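Subject: Handing over the structure

Hi,

Here is the structure I promised you.

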Amino acid sequence: MAEDKNSATLSMNGKDYELPIKSPTLGPDVIDIRKLYGQAGVFTYDPGFTSTASCDSTITFIDGEKGELLHRGYPIEQLAEKSHYLEVCYLLLYGELPSTAQLEDFESRVTKHTMLHEQLHFLFRGFRRDAPPMAIMVGVVGALSAFYHDSTDVNDPWQREVASVRMIAKMPTIAAMAFKYTIGQPFIYPRNELDYASNFLRMCFAVPSEDYEVNPILSRAMDRIFTLHADHEQNASTSTVRLASSSGANPFACIAAGIACLWGPAHGGANQACLEMLREIGTVDRIPEFIARAKDKNDPFRLMGFGHRVYKNFDPRATVMKQSADEVLDLMGIEDNPTLQVAKELERQALDDPYFADKKLFPNVDFYSGIILEAMGFPTSMFTAIFAVSRTVGWISQWKEMIADPQLKIGRPRQLYVGAPMRDYVDIENR
Ligand code: SDX
């Protein structure tokens with residue numbers, strides 16, 4: 001819990017208002033304005049919440065100036081190097097790194113929940129075959145609340161625990177089924193002897209007519225992508241999940257809301273948009289043309305995969321992702337991948353350009369992830385779906401933290417009303 005210390009004084013209309021200041025473990029102090037409207041009759045104004053803390057949290061901390069990302073205090077670089085996704089899931093969910101026994105139990109519980117209710121297969125068949133996988137995921141995840149009623153009571157800690165494990169376990173299966181459905185191939189069932197990332201790759205790329213061996217370098221890279229996208233403070237989709245959950249809605253519906261928000265190209269959809277941009281650039285000689293467009297105020301084009309609301313330095317995830325991109329492409333024997341060459345040259349030129357340096361626009365997590373996913377054989381339409389698989393543990397962890405918070409209130413922002421003043425109705429014959 002943040003400690004209280006001195007206060008800030010707001011002077012307006014000849015009166016002074018004392019607003020408590022809270023100091024966090026890490027990061028800037030916050031001014032507690034919860035009583036402001038009651039005391040001073042005014043709102044604060046912060047569209048996009050650039051200067052607003054929406055909650056207390058103990059899960060993830062980002063230092064945007066230093067380019068640091070901590071999960072329960074552990075730096076993302078160390079977790080990416082030494083841990084693996086399900087261990088990071090345990091850390092995010094329960095707050096500490098697990099013992100061997102705790103990890104084995106957690107991994108076993110997740111493994112035993114990877115299958116979907118067989119009736120859900122018919123829901124997939126209601127979609128067109130060319131449906132975007134993200135559209136299928138929003139629909140199917142929202143529908144889980146129609147199948148798993150025994151874990152929808154958010155006030156029951158045991159049901160919250162079951163829903164958490166079910167979501168983490170079933171998202172890879174749902175994403176893989178969405179992929180298979182859109183390419184007209186049969187669904188592949190999960191295998192309990194495989195680790196999380198290997199299971200996902202096999203469900204995506206195996207076919208019933210032959211055996212399939214997962215390449216350990218690709219499953220390690222997949223696991224690392226899952227780890228790097230797991231949680232990220234109060235980003236747009238996590239804030240969506242928190243706001244939806246604040247009304248008491250069931251966890252499956254709230255996660256579906258998070259998936260919908262993540263879909264946007266300014267957020268999780270950026271990895272797909274970034275790769276499409278790199279393809280559109282095509283060759284390194286066209287990079288200056290696109291950099292000029294990104295700097296042109298009259299052109300809505302932006303360099304996808306660049307910039308971040310919080311990071312005003314390198315996104316530490318992008319640095320790790322860049323190393324994985326080199327490893328995967330070396331393995332695939334496509335180290336001279338033209339898209340990767342364009343990406344590396346674009347990064348070099350953009351970082352040399354005062355526009356990007358001055359605005360602190362550095363590559364973010366989405367800049368390199370698409371290149372790895374494409375090298376693995378995924379179509380761009382699956383990139384954000386894979387981001388959603390990974391971020392489910394972040395959404396669920398933040399949801400659990402919020403539901404257990406004794407200060408929980410339904411989220412209900414106010415507004416600055418700039419519309420018409422009160423006026424009388426005008427009959428149509430007098431308009
Ligand atoms: C994710 O929040 C999270 O944590 C998100 C995420 C997570 O893990 O959950 O990290 C995942 O969403 C990463 C971001 C992926 N999005 C993209 O790569 C899309 C391209 N980036 C931009 O859309 C933008 O940078 C945002 C949305 C990411 C951040 O936007 P901000 O902080 O609201 O900043 P802004 O849009 O107001 O831009 C500030 C200035 C503007 O110029 P001025 O009006 O000041 O002159 O920088 C410019 C912008 O025009 N700018 C860019 C740019 N991004 C910002 N110019 C060119 N190319 C870009 N990519």
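Ala143 is buried, with a relative accessible area of 18%; buried means under 20%, exposed over 50% and partly exposed in between, using a 1.4 Å probe and protein chains only. This residue belongs to helix α6, residues 133-143. Helices here are DSSP runs of H or I with at least four residues, strands are runs of E with at least two, and both are numbered from the N terminus. Apart from neighbours within four places in sequence, Ala143 is in contact with Leu120 and Leu123, where contact means heavy atoms within 4.5 Å. Between Ala143 and Asp336 there are 43 Å in space, C-alpha to C-alpha, and 193 residues in sequence.

Please keep in mind that this is a predicted model: local features need pLDDT of at least 70 and side-chain atom pairs count only at pLDDT 80 or more, while totals for chains, interfaces and linings use all residues. Residues are numbered from 1 along each chain as its sequence is written, and side-chain values use heavy atoms, with hydrogens and water left out.

Next, a helix you can check by hand. Helix α12 has 12 residues (270-281) and should span 16 Å at 1.5 Å a residue, which agrees with the 16 Å between its end C-alpha atoms; the expected span is 1.5 Å times one less than the number of residues. Its buried residues are Ala270, Asn271, Ala273, Cys274, Leu275, Met277, Leu278 and Ile281. What covers them includes α13 (287-295), α15 (338-352), α17 (365-376) and α18 (383-403). Just after α12 comes Gly282, with a positive phi of about 80 degrees.

Most residues other than glycine have a negative phi. Lys360 is not a glycine, yet has a positive phi of about 55 degrees. You will find Lys360 in the loop between α16 (354-358) and α17, and Lys360 is partly exposed, with a relative accessible area of 37%. Arg72, also not a glycine, has a positive phi of about 50 degrees and lies in the loop between β5 (68-71) and β6 (74-75).

Now look at Thr60, in strand β4 (residues 60-63). Thr60 counts as buried at 10% relative accessibility. Its side chain makes a polar contact of 2.8 Å with the side chain of His71 and another of 2.6 Å with that of Asp231. A polar contact is a pair of N or O atoms within 3.5 Å; within protein, one must be able to donate a hydrogen and the other to accept it, and residues adjacent in sequence count only if both atoms are side-chain atoms.

What about the ligand? Of the 24 residues around it, His232, Leu303, His308, Arg317 and Arg391 come nearest; a residue is near if one of its heavy atoms lies within 4 Å. An N or O atom in the side chain of His232 is 2.6 Å from a ligand oxygen atom, and a polar side-chain atom of Arg317 is 2.7 Å from an oxygen atom of the ligand.

Finally, the aromatic rings. The structure holds 20 aromatic pairs. One of them, Tyr355 and Phe356, is edge-to-face, with 5.0 Å from centre to centre and 75 degrees between the planes. Rings of Phe, Tyr and Trp (its six-membered ring) pair if their centres lie within 6.5 Å; planes under 30 degrees apart count as stacked, over 60 as edge-to-face and the rest as tilted.

Enjoy exploring!
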